[in-house]
Amino acid sequence: DSKRYRTGNMDMRFRGMGIAGPIATGIATNAYGGNPITNYNMETATSGWTGATRDATQAHGGTYSYQITGSSVDGYQYLTWSASFQGKKVKFWCWVYLTTTNHDGRIGINDGVDSTYSSSLSTAGVWTLLTVEKTLSASATRLRLLLDNVSGGNAVYFDDAGVTSLD
């Protein structure tokens, strides 16, 4: 029954999984449930992310998250780039955890021209989902996802990230 198991251009026949229809999407997917981020769940120590440390002190899902202590280094990951992404709108989300209230964390998207950031999280002791949307510049040269400990000092933890094209 095509009406019962479809929403928009998504096939919803399988519980917990939406399958994109025949319209081409702006960001290629991979084997991780359609999420193009390498090590999106932060469970692998040396895969995908740069500038952050895998840590088991806090975890939103699984056993590990990525920790950033200090404001001079952001965590980041480059996604596979295609010039066809220029001018496309991208949404990035990630769960963030602060250890104390005297600092804040945020996430961002950099396209090689400039960066756009989510609002800063300042509530400590609870995992909070942050999201950011950015329309990539017509002269964009990359798609880099950012994990940011804005104030430095105490640890900020990041876990279970995702990204999608909104165009």
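Which residue in β11 does Gly75 stand opposite? Gly75 stands opposite Leu147, and View 2 comes back to that spot.

This is a predicted model, in which local features need pLDDT of at least 70, side-chain atom pairs count only at pLDDT 80 or more, and totals for chains, interfaces and linings use all residues. Residues are numbered from 1 along each chain as its sequence is written, and side-chain values use heavy atoms, with hydrogens and water left out.

**View 1**
The protein has 12 strands and 0 helices (helices are DSSP runs of H or I with at least four residues, strands are E runs with at least two, numbered from the N terminus). Of its 167 residues, 37% count as buried (buried is under 20% relative accessible area, exposed is over 50%, partly exposed is in between, with a 1.4 Å probe and protein chains only). The accessible surface comes to about 8,700 Å², and 47% of that belongs to carbon and sulfur atoms (areas come from the Shrake-Rupley method with a 1.4 Å probe; for residues, only the protein chains shown count as cover). Take the contacts between residues at least 6 apart in sequence: 69% of them join residues at least 24 apart (a contact is heavy atoms within 4.5 Å).

**View 1. The open sheet of 4 strands.**
The strand order here is β6-β11-β8-β9, with antiparallel pairing (two strands pair if DSSP finds at least two bridges between them). At the edges sit β6 (75-78) and β9 (115-117), each pairing on one side only. From one strand to the next, the twist averages 20 degrees (axes are lines fitted to C-alpha atoms, for helices over the stretch in contact, and angles run from 0 to 180 degrees between N-to-C directions). Antiparallel strands β6 and β11 are joined by 4 bridges, and this is where Gly75 faces Leu147.

**View 2**

**View 3. The open sheet of 5 strands.**
Read across, the order is β4-β5-β12-β7-β10, again with antiparallel pairing. The edge strands β4 (53-55) and β10 each pair on one side only. Neighbouring strands are turned by 40 degrees against each other on average, direction ignored. Strands β5 and β12 pair over 3 bridges, and Gln67 stands opposite Tyr157 in β12.

**View 4. The largest nonpolar core.**
This core has 27 residues, and Trp49, Phe92, Ile107, Leu147 and Phe158 touch the most other members (a nonpolar core is a set of buried Ala, Val, Leu, Ile, Met, Phe, Trp, Tyr and Cys residues joined through side-chain atoms within 4.5 Å). Two or more residues each come from β5 (65-68), β7 (89-98), β8, β10 (128-135), β11 (144-149) and β12 (156-165). Strand β7 gives the largest share, 5 residues. Zoom in on Phe158: leaving aside neighbours within four places in sequence, its contacts include Met42, Tyr66, Trp95, Ile107, Trp127 and Leu147.

**View 5. Salt bridge Arg106 to Asp148.**
The model has 4 salt bridges (a side-chain nitrogen of Lys or Arg within 4 Å of a carboxyl oxygen of Asp or Glu). Arg106 and Asp148 meet in one of them, at 2.6 Å from N to O. Arg106 lies in β8 and Asp148 in β11, so the pair ties together parts that are 42 residues apart in sequence. Asp148 is buried, with a relative accessible area of 5%, while Arg106 counts as partly exposed at 22%.

Lys134 in β10 links to Asp114 in the loop between β8 and β9, 20 residues apart, with 2.6 Å from N to O. Lys134 counts as buried at 6% relative accessibility, and Asp114 as partly exposed at 38%. Together with Asp111, these two residues are linked in a network of salt bridges. Glu133 forms a salt bridge with Lys89, their closest N and O atoms being 3.3 Å apart. Both ends of that pair are partly exposed, Glu133 at 39% and Lys89 at 30%.
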